[in-house]
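Visitor: I would like to learn how to read a few features of this model. Please take them one at a time.

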Amino acid sequence: MTAHRWAARVNLLLGSALMLAVWVLLVWTASRPALKTLIDLTPQQVNSVAPSTEALLRELREQKVAVEFHLFFPRPVGQPADEAMAQVLRIRGRLQELTRLLLRRYQWLGGESVAVFDYDLQSDIERTRAAALAFGYAGNEDAVVVAAAMPGRERRFRSLSLLSDLAELDLPGLRDPSGPAQAKVPTLKRYLGEVVLSSALKSLLVQGTPVAYLLRGYSRTLNTDNPTIGAAYGRFVAGLRNLGFDVRDLSFSREHAVPRDAALVIVLEPDLEFTDVDATALFDHVAGGGRLFLNYVHSPREGWGPTGGKLGELLGYELGQLPVFHLIPDPLRRTSGPGLDGNDAVARLQLQVSALHPVTRRLAQAGTPLEVGGARGLRERPGAPAGMRREPLLQTGPHAWLGRPGRDGYPDLKAPPANLLQPFLVGLAIEVDPKTPAGGPETAAPPKGQVVIVSGAFCNNSGIEAFGDLAYNVCNWMAERRVLMDIQSNQYAPRQMLLQTPQVERVRWLLFYGVPLGFLLAGLAVLYVRRRS
Amino acid sequence: MRGACTVFQKELLSYFVSPVSWIVAVVFYLWRGYELSSMAHYAMLVRADPDLFASATYTLPSTTAMVLLVPALLTMRCFAEERRTGSIELLATAPVRDGEVVLGKWAAATVFYALLWLPSCLLLHVLEYGPFLATDLSFGPVFAAYLGMFLLSAMLLAFGCFASSLTDNVLLAAMLAFLFDFGLVSLPAQVRANLGELAQHYYVRELLDKLDVGRNFDDWFARGLIDTSQVAFYAGGVLFFLFLCTASVASRRVA
C-alpha cells in the first residue's frame, strides 16, 4: 500500500471522527433543557402534562432532588378464567402502557433528576427482590412506588396501586341497579396517572404532615364518608388525604378551641349560625395566624341559611338568605339579549375568577371554568372591623339576580327586569393581622391569619372532578404549601365515529382495490411511454 | 449546487421509470389498503375515536416494513450499480464534486420516498368525506408521524447511500443497509435490558433514548409529539452518513 493511500485512509478516519463529534455535539446541544422543546400536535393536547407538573419537574431538576419511579408490574400467570378476567388483564396492560408513557414524559422534563426502574421478576430476580424489600412491596398486584430524596435528606416513598389509585374503573355490580344498564365486564373510565403521581411526588417533598380539621356540628346533612352520593364530600376528603393531609374531625362540644396543630379548619355547608363561643374560638384561631375555609350553600329550608352571625361580625362579612341566579346562554340563539331564564340551569353559576389572588391566579390564567350551585350573595358587613383586608375571589357575571320565593315557596327562576340585574360576589378572601404576641416586640410575630369564604357547592362529589382544583388550591395554600397548588391535567373528551357497514365497504373498495389498481395502471402507463420513446 | 440538481433530476427520473418502484408502490398500497379497511371495520365495531384513528394508521406493520425495507431497496443501486457497470467513471470525470453527486442521489431517493408516502396522507383526507368515514380526522398527529417517519427514513437512506458506496455488489449493499436498519430498531432495547441499573444513568439513558428509533417513533412521533432534540438527532445522522458516503466515494477515487 502506498503512502498516498495510507494518508487518504487516515484522512478519512479523522474526518469521520470529527463528523461524529459534530453529530454528538449537535444532539447534546439540542437536548439541553433550555433548548429542547416538545410540540404536541394532538387535539386537546392530550399528550401534554399540566403546566404545574412541568414547573414542578423543572424545579426538582434545579434543586437536584432525586426522584425515582419504581414499577412493579408482575406478568400475568395462566389464562383468564372468564371474559371479566380477560378484560381486567386488558385494562392492566393499557394502564401499564399509559404509565410508562407518562413517566417517559416526566423523564424528558425532569432530566437527570428523574429515574424510572422497571422490574421483571422473571428475568431479574435479585434486583426485583432487593427493590421489593426496600419498598415493602408484597408482589401481589401492579404497583408504582414514587420515591423522592432532597439533597442531604432521607429518601421518602409512597406506594400506589395501578388499578386502585391510578385509574377509575367501572366495576359490574357496583352500579345503582335503577340506573343505566350494567356493564358485564369492568371498564376503564379514566386514567388518573398524572394527577395521582404528581400529587404523590409533591406530598413527598413536603416535610411533615399538615392536619386539616373538619368542623362538625354545624351541618345537619353533611356526609364526608360516601364517595358516590352527589351531595356528599367523600371524594374531597379522600383527595385531601391523597395530597398528604391528615384529615381529622373537630367538635366544639368536646374541645373549646381549635387545636394548635391545625394547619387549617374546614367548615363545609354550615346550616346553623355559629354560637358566640364557637365563633370566637374560630376567630381566635385566625387571629393567631390560623387558616379557615368556609363553604356556605343555599338551602330552601326555613332557618337553614346562616348569614355569618357572630363570626361574620368579627371578620366583617355577611351572606344573603336568597340564592343567586344568572341568565344562561340561549343555545338556539332565539334572542339577541344576554340569555334565558326560567330554567333551573340559572342556579349554576359560571364564575369570574380573580387573577390577583394566589389561590385563583393560576385558574384564571389557565382559563379553567368554575361553576358553583346554590350560591348566596356575599358582601362586606357595614362597619367591618379594621386590621383585615378583604379581596374578592369569585364573582358572577353582570346578569345575576336574587331568586325570591315564588308561590310554591321555592325560589323563582324567572329574571327580574334588566335594570335590576347586577353582579354578585360569591367568593372572598380575608387576611387578618395577627394579635400582638404576648412576649412583646422581641418575640417573632405570628403569620397573618387567612380566611377563604366560598358561597355555593362545588367540591362535593358531583363537582369535585371538574371544579375541585379551587378547593385543593385553597387547602394547599392555607397549609402554606404553595408548591402543591395545582391544576389538574386537561380531561380529554373522546369523540366517537358512528360508521355504517356501507361506509366501511366503500373504504375497502377505495383502499384495497381502487388505490393499488391506480398505481398499477399508472406504472404500466409510464413503462409503456418509456418503451415507446 | 448545479451539479447536485442535475444528478437529483436524473436519479429521480430513473426512480419514476423503474418497474421496481411501481411494484413497491402497488404491493405497499395493497397491503396498506387491507390494513386500513380492517381498521375501519374495527373502528365501526368499537366506535373508535377519530382523533386516534388517523395517527394509529402510522403504527401498522406496513409502516414498519416500509421504513425498514424500502430505504435499503431504493439506495442499494446508488453507487454499487454505477461501479459494477463502470458508469462511475463517467461521474468521476464529470464536472461535479463528489459531495454534489452524493447529495443529489440521496435527495432523489428521499424525495421519491416521501412521494411514495404522500398518497397515504391524501387518502386519509379523502376518507374524511361523506361516502367514507364522514368525520373530522385530526391531522396534527398525522403530520408529526409523517415527519418522524420521514426523518428516520432520511437517515436510513443516507446510510443506504453510504452502504452502496462501500461495495460494487448491489445485494451486499442492500444487506448492509438492512442489517443497519434492523440493528438500529432492535439493538437499543436489548442493550437497555442487559445494562440493568446502568441504563438509568442519565447520559447512558439519553444515548439509548436517542438511538432507540423504533420506540421514539411509537412513543413520540406516532402520538403527535415532536421532540426537537430527536429532530436534531436525525438531521445530524443524515449529515454524518452523507459525509461518510462522500468520503468513501472520494477514497475510492484515490484508490
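Guide: This is a predicted model, where local features need pLDDT of at least 70 and side-chain atom pairs count only at pLDDT 80 or more, while totals for chains, interfaces and linings use all residues. Residues are numbered from 1 along each chain as its sequence is written, and chains are lettered from A and ligands numbered from 1 in the order in which they are written. One pairing to start with: Tyr213(A) stands opposite Val265(A) in β10(A).

Visitor: How many bridges join β8(A) to β10(A)?

Guide: Two strands pair if DSSP finds at least two bridges between them. Strands (E, at least two residues) and helices (H or I, at least four) are DSSP runs, numbered from the N terminus. Here 4 bridges join β8(A) to β10 (residues 262-268) of chain A, and the strands run parallel. With β9 (residues 246-250) of chain A, β8(A) also pairs in the parallel sense, over 5 bridges; in β9(A), Asp249(A) is the bridge partner of Leu214(A).

Visitor: Why is β8(A) described as largely enclosed?

Guide: A residue is buried if 20 or more other C-beta atoms, placed from the backbone, lie within 10 Å of its own. In β8 (residues 211-215) of chain A, 4 of the 5 residues are buried, so the strand is largely enclosed by the rest of the structure.

Visitor: And helix packing?

Guide: Two packed helices are described by the angle between their axes and the distance between the axes. Axes are lines fitted to C-alpha atoms, for helices over the stretch in contact, and angles run from 0 to 180 degrees between N-to-C directions. The axes of α8 (residues 139-166) and α9 (residues 170-195) of chain B come within 8 Å and cross at roughly 145°. Residues that meet there include Phe159(B) in α8(B) and Phe180(B) in α9(B).

Visitor: How many residues of chain A are in contact with chain B?

Guide: Contact requires C-beta atoms, placed from the backbone, within 7 Å. By that rule 52 residues of chain A are in contact with 60 residues of chain B. The largest share of the chain A side, 16 residues, comes from α11(A).

Note on methods:
Buried ≥ 20, exposed ≤ 12 C-beta atoms within 10 Å, placed from the backbone. Contact = placed C-beta atoms within 7 Å.
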